[in-house]
Amino acid sequence: MAGPNGKPLNKHKGYEIMKINEMQGNLNNVEGKVKILSVDKREITTSRGDTVYYYGLAGDETGVLPYTAWEFPAPIKPGDVVQIKYAKTKVYNDRMRLYFDSKTEIMLKPGEEMEVKNTYKDVKLMDLTTKNPFVAVTGKISNMSGKEYNKAGKTFIIYNGFIEDDTSRVRISSFGKPLENGKVYRIVGARVSEFNKQLEISIGDKTEVFIENEDMDFQRYYKLFEVDNPAGGITIMGFIITLGTKSGIIKRCSECNKPLSNGVCPDHPEKPTKLDIFSYFTLDDGTKYIQCIAGKNAIMPFIGIKEEELPHYAGEIYRMLEEKLYGHAVKINADFIKNEEDLSLRVNSITNIEREDISREIEANQQVK
């Protein structure tokens, strides 16, 4: 009796010995030797209560597959070679996936090495670095839009937006491959680069893109000492211990958005000016302190004024900033910006700390202890 790939089944034990590239369709009782490339876990609530499942990537010399496991041996870690028996494969969204259930045997092969074909290191967005320029990432797409451009007489479309996971949010560019907002994608062979003091990833001709069925939790609370690269969409709680004396109203060109020193843009003198708020301050969260900059989109909701009210309050903005910010405990959502020697924060939003934030902080400190 032959299996779906034409290879004979092991008649004594009822399973089929397969390589990754031979796993086609919905199969039961699959055996193989694979290298575990990543291990993540997720807690979910079902009708039977809270439970945990594991997921990641496994591969051999012929390819790589994602896996889901409802039980996973604790000693096994990324990089280990294991023998699997009584596993299953299923096709979801036109992509194969390995499944390990309570009947699956996962046996560690101590000391064994395995070369895995065409693999990129799976990284969380928080761990992106230009030192590892090509990676595999998984995240949800947001704010993606396309723009046409011409090159060598041909028209192309470049899509720009954000990708985020449970650790960070970064910019993403895709050349010719549209990505749908709200969808979670696994992107294999993404290129890591630096732009405007932040990291971003891009999708090229050789990049592989797959739709994933995992959902994601974006509660990204960190202490300052935990962040050492320009991550985005991070929430920090702390005290504002200084407020820059030049914070307040600034004038900008309505055309190019450049700040104006004398009220007239040298490039667009005919264009009207617009008012903006620029503030800079120091935030201390008990582990470190960091310099922050915030514009009107972050400041106006916090101090309680609308854009059309800026001319009326222009002379009072610094007083309002001092009253609302200086010496207060706040919760900030921000992007970390890479400077020459350290990091700073570009603030997206500021809110007052609520009771549930304090409870979360106490719980986090208890877990550390």
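Modeller: Happy to, and we will go label by label, keeping in mind that this is a predicted model.

Biologist: What does the secondary structure of the chain come to?

Modeller: There are 4 helices and 19 strands. The C-alpha atoms fill a box of roughly 85 × 60 × 40 Å along the principal axes. Of the 369 residues, 41% count as buried.

Biologist: What makes helix 1 "mostly covered"?

Modeller: Of its 8 residues, 6 are buried. They are Lys296, Ala298, Ile299, Met300, Phe302 and Ile303.

Biologist: Which residue follows helix 1?

Modeller: Glycine 304 does, and its phi is positive, near 80°.

Biologist: Where does isoleucine 305 lie, and why is it called buried?

Modeller: Isoleucine 305 is in the loop between helix 1 (296-303) and helix 2 (310-313). Its relative accessibility is 7%, which is under the 20% cut-off, so the residue counts as buried. Leaving aside neighbours within four places in sequence, isoleucine 305 contacts Met300, Leu310, Tyr313, Ile317 and Met320.

Biologist: What makes the largest nonpolar core a core?

Modeller: Its members are buried residues of nonpolar kinds such as Leu, Ile and Phe, joined through side-chain atoms within 4.5 Å. This core has 34 residues, and Phe281, Leu283, Leu325, Phe336 and Ile350 have the most contacts inside it. Several elements each supply at least two residues, among them strand 14 (234-243), strand 16 (273-284) and helix 3 (317-324). Helix 1 gives the most, with 5 residues. A second, separate core has 20 residues, including Ile20, Met23, Val30 and Val82.

Biologist: Threonine 282 is in strand 16. Why is threonine 282 called buried?

Modeller: Its relative accessibility is 5%, and the limit is 20%, so threonine 282 counts as buried. Not counting residues up to four places away in sequence, threonine 282 touches Phe239, Ile240, Ile241, Thr242, Tyr289, Ile290 and Gln291. Between the C-alpha atoms of threonine 282 and histidine 328, which are 46 residues apart along the chain, the separation is 11 Å.

Biologist: How much of the contact list comes from residues 24 or more positions apart?

Modeller: They account for 60% of the contacts in the chain with a separation of 6 or more.

Biologist: Last one: what do the surface and the charges come to?

Modeller: The chain exposes about 21,200 Å², with carbon and sulfur atoms supplying 48% of it. There are 52 positive and 54 negative side chains, and the centres of the two sets lie 3 Å apart.

Technical notes
Residues are numbered from 1 along each chain as its sequence is written. This is a predicted model: local features need pLDDT of at least 70, side-chain atom pairs count only at pLDDT 80 or more; totals for chains, interfaces and linings use all residues. Side-chain values use heavy atoms; hydrogens and water are left out. Buried means under 20% relative accessible area, exposed over 50%, partly exposed in between (1.4 Å probe, protein chains only). Contact means heavy atoms within 4.5 Å. Accessible areas come from the Shrake-Rupley method with a 1.4 Å probe; for residues, only the protein chains shown count as cover. Lys and Arg count as positive and Asp and Glu as negative; His and the chain ends are not counted. The place of a charge is taken as NZ of Lys, CZ of Arg, CG of Asp or CD of Glu.
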